[in-house]
Amino acid sequence: MTIRTHIDSWLAENSGQMHAWREHFHRNPELSHMEYDTTAYIAEVLREHGLEPQLFPGTGLMVDLGPTDGPRIAFRGDIDALPIEEHTGLAYASAHPGVMHACGHDVHTAIALSTAIALSTYPLTTGVRVIFQPAEEVMDGGAQEVIAWGGIEGVDQIFALHAEPKLRVGLIGARTGAITSAGDIVEVRVTGSGGHSSRPHMTSDVVYALSLLVTQLPGLLSRRVDPRTGTVMVFGTINAGYAANAIPETGAVSGTIRTADIGVWRKIEPLIRELIAQILAPTGCDFEIRYIRGVPPVVNDDVSTAMLVEAARTIDPMSVVEAPQSSGGEDFSWYLEHIPGAMARLGCWNGVGEKHDLHRGDLVVDPRCIEVGVRLFGAIAQKFAYEANNPDGGLS
């Protein structure tokens, strides 16, 4: 029996339990770095099935299957939720007001858990690690913590799925190279002498300086960075003043810088600082810049992406479509800074009505996508094992 046929058999017998796990995760969401009950629940289920999970120092955990040495593949599922009120009306809707799995992490966790349980009864010839990562949704994301805790030591390749409500269930969105974008935050605090609005020439006009920054920085950036890299600067806040006839002494703006090019991401901070200084220099205002590094783009390795695509086509030859590059960020990218791997989009739209977006309180995921995800992880594990055991393609 191959891994694929074993997975099919396991799903036929355990589909109900798999969906019950997912509904439990959805009903009991927890915010980033606070996934204590989720971690405990996953660990309990793994132990009930004879596995020995390794708990991380904070929240999250991982479990190893198969041989303890030799080639090893990893699958990641992220376990945290978002501070969003749920409006789905599902029977298993969030029981925690103001917290919801609005990004599909309950699905990711259920797929990872089901994959681990299903493979635990198969005679694996290569190692498999399943990582249940905390805190994907925050800037100081959990991926770097998992790496620091040894989560990818001994791992040769890593794979992940992300729910995609713009794709019909059954479809897999794949892309070689960058599939997400980097996302950094820049905050600028501007100070000046302030004064009466009737005498702006006697002040350092903070409001005027802020307006120059908001209108000029995005344009200048587009003249210094290749537009084909998808680099975009957008301001989200601007705060200054308290009266129409008074020029304030302080003000601030903040915004995001996104880029689809990892090379641009590595060098963009000095350029942003340079441009801000040039824009504000004529105003006479002083300023402070706080640049907050986010995550790099998820850059899918070509070999790993090809493996994922071939695995998906063994399940359904028509399942693979090209995924567009997202301008959103994903901390799975940090793993790919260390080892090759790939992330794919998992179709979860039921084909009826509006396609709701991620990070919305009305997001409803077609639960059939969980089965698709487990089958895909199983097929990837089978292909990894075959290639590891036949490095010459089976020709010798």
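This is a predicted model: local features need pLDDT of at least 70, side-chain atom pairs count only at pLDDT 80 or more; totals for chains, interfaces and linings use all residues.
**Group meeting: the annotated binding site and the cysteines**

H105 lies in helix 3.

At 1% relative accessibility, H105 counts as buried, because the cut-off for buried is under 20%. Leaving out residues up to four places away in sequence, H105 touches D78, I79, D80, E136, E137 and H162.

Now the helix around it. How many residues of helix 3 are buried? The count is 15 of 15, so the helix is mostly covered. The length of helix 3 can be checked too. At 1.5 Å a residue, its 15 residues should span 21 Å, and the end C-alpha atoms are 21 Å apart, which agrees. As background, an α-helix has 3.6 residues a turn, so residues three or four places apart point the same way.

Why start with H105? It is one of the positions in a UniProt record: an unreviewed entry places the feature "binding site" at C103, H105, E137, H162 and H359. These positions span 257 residues in sequence, yet no two of their C-alpha atoms are more than 12.8 Å apart, so they gather at one spot. Of these residues, C103, E137, H162 and H359 are included in the lining of the largest pocket.

Next, C103. Where does C103 lie? It sits in the loop between strand 3, residues 72-78, and helix 3, residues 105-119. Is C103 buried or exposed? Its relative accessibility is 6%, so C103 counts as buried. Neighbours within four places in sequence aside, C103 is in contact with L82, H108, E137, H162, A163, L358, H359 and L363. E137, H162 and H359 in that list of contacts are also positions in the UniProt feature.

On to the other cysteines. How many disulfides does the structure hold? The number is zero. For reference, a disulfide is a covalent bond between the sulfur atoms of two cysteines. Take C369: the closest cysteine sulfur to its own is in C348, at 5.3 Å, which is too far for a bond, because the cut-off is 2.5 Å. C369 is buried, with a relative accessible area of 0%. C285 also counts as buried, at 7% relative accessibility.

S304 has a relative accessible area of 0%, so it is buried. Residues up to four places away in sequence not counted, S304 touches Q157, F159, P340, G341 and A342.

That is the end of my list.

Definitions and conventions:
Residues are numbered from 1 along each chain as its sequence is written. Side-chain values use heavy atoms; hydrogens and water are left out. UniProt positions are given in the numbering used here, feature names are shortened, and annotations may be inferred rather than shown by experiment. On a 1 Å grid over the protein atoms alone, a cavity is a set of points where a 1.4 Å probe fits but cannot get out, and a pocket is an open set with protein on both sides within 12 Å along at least five of seven lines; lining residues have an atom within 4 Å of a point. Helices (H or I, at least four residues) and strands (E, at least two) are DSSP runs, numbered from the N terminus. Buried means under 20% relative accessible area, exposed over 50%, partly exposed in between (1.4 Å probe, protein chains only). Contact means heavy atoms within 4.5 Å. The expected span of a helix is 1.5 Å times one less than its number of residues.
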